[in-house]
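Welcome! Let us walk through this structure together, one part at a time.

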Amino acid sequence: MSVQKRYAGLTDAALTDTGIRQAAVAAKRLASAGIDAIVASPLQRTVRTAEEVAVVTGVPVLTDEGFRETDFGAWEGLTFAEVRERWPSEVTTWLADPSVAPPGGESFTQVSERVTAALHRILAERAHLTVLIVSHVTPIKTLVAAALLAPPAALYRMHLDVAALCEIDWYADGPAVLRSFNDTAHLNH
């Protein structure tokens with residue numbers, strides 16, 4: 001669905017062969033990163049990606065529903081062009097306001113609340129550890145926006161490629177530092 005640029009929220013699609021290869025090279029890059037814990041969205045595409053890292057690190061994969069992708073409701077499986085054609089006013093409103101959800105779906109504000117709650121669990125339970133979170137576009141953008149103290153509308157101004165790595169340092173006294181964003185250097189080999 002990513003190749004065709006379709007909304008792939010709750011669709012539990014498997015990784016393609018290319019996706020598995022990308023996960024393997026990302027895992028190879030992360031092998032020496034000192035990962036202490038791996039937490040993934042429960043959807044199979046993220047669990048499968050996380051399993052590649054588990055193989056090279058020996059760290060087991062845990063899942064957390066808080067890091068699953070946005071529920072795109074009626075837009076699930078469609079391209080942006082198809083959505084724009086069928087729901088022109090709704091998509092315009094959605095793009096202008098993170099509190100607006102796709103028909104039958106979840107708003108970015110709701111996603112932010114869910115992801116932020118999961119982040120707080122990770123920070124509380126795994127303080128001083130290096131945690132790999134394997135997730136999806138919207139939750140990752142949400143974590144980046146939180147680290148930068150950016151408003152929810154910042155999600156519309158970020159682009160993430162598949163199998164990209166982002167690194168955020170979260171400090172015990174509260175602040176965070178974005179160290180890298182949308183890093184795909186490992187995919188160029």
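Is Ala185 buried, partly exposed or exposed, and what is its relative accessible area? Ala185 is partly exposed, because its relative accessible area is 37%, and the class called partly exposed lies between buried, under 20% relative accessible area, and exposed, over 50% (1.4 Å probe, protein chains only). You will find Ala185 in the segment after strand S5 (176–183). Ala185 and Ala26 are 159 residues apart in sequence, yet their C-alpha atoms are 9.2 Å apart in space.

A word on how to read all this. The model is predicted, so local features need pLDDT of at least 70 and side-chain atom pairs count only at pLDDT 80 or more, while totals for chains, interfaces and linings use all residues. Residues are numbered from 1 along each chain as its sequence is written, and side-chain values use heavy atoms, with hydrogens and water left out. Helices (H or I, at least four residues) and strands (E, at least two) are DSSP runs, numbered from the N terminus.

Now turn to a pair of helices. The axes of helix H1 (residues 17–30) and helix H2 (residues 44–57) come within 8 Å and cross at roughly 40°. Here the axes are lines fitted to C-alpha atoms, for helices over the stretch in contact, and angles run from 0 to 180 degrees between N-to-C directions. Where they meet, H1 brings Ile20, Ala23, Ala24, Ala27 and Leu30, and H2 brings Arg48, Thr49, Glu52, Val53, Val56 and Thr57. Contact here means heavy atoms within 4.5 Å. Sorted by class, seven of these residues are nonpolar, two are polar and two are charged. In this sorting, Ala, Val, Leu, Ile, Met, Phe, Trp, Tyr, Cys and Pro count as nonpolar, Asp, Glu, Lys and Arg as charged, and the others, Gly among them, as polar.

Stay with H2 for a moment. Its 14 residues should span 20 Å at 1.5 Å a residue, and the end C-alpha atoms are 20 Å apart, which agrees; the expected span is 1.5 Å times one less than the number of residues. Buried residues of H2 include Arg45, Val47, Ala50 and Ala54. Their cover includes H1, strand S1 (37–40), strand S2 (61–63) and strand S3 (131–134). Just after H2, Gly58 has a positive phi of about 75°.

Strand S2 holds Val61, which is partly exposed at a relative accessible area of 26%. Not counting residues up to four places away in sequence, Val61 touches Ile38, Ala40, Ala50, Glu51 and Ala54.

Which residues touch the most other members of the largest nonpolar core? They are Phe67, Trp75, Val83 and Trp94, in a core of 25 residues. A nonpolar core is a set of buried Ala, Val, Leu, Ile, Met, Phe, Trp, Tyr and Cys residues joined through side-chain atoms within 4.5 Å. Helix H4 (88–96), helix H5 (108–125) and helix H6 (137–148) each supply at least two residues of this core, and H5 gives the most, with six. Leaving aside neighbours within four places in sequence, the contacts of Trp94 include Tyr7, Phe72, Trp75, Phe108 and Tyr156. A second, separate core has 12 residues, among them Leu30, Ala40, Ala50 and Val59.

Helix H6 is also the place of Ala147, a buried residue with a relative accessible area of 9%. Beyond residues up to four places away in sequence, Ala147 touches Ile168, Trp170 and Ala176.

To finish, look at two backbone details. His128, in the loop between H5 and S3, has a positive phi of about 70° although it is not a glycine. His128 is exposed, with a relative accessible area of 76%. Asn182, in strand S5, also is a residue other than glycine with a positive phi, near 55°. Asn182 counts as buried, at 18% relative accessibility.
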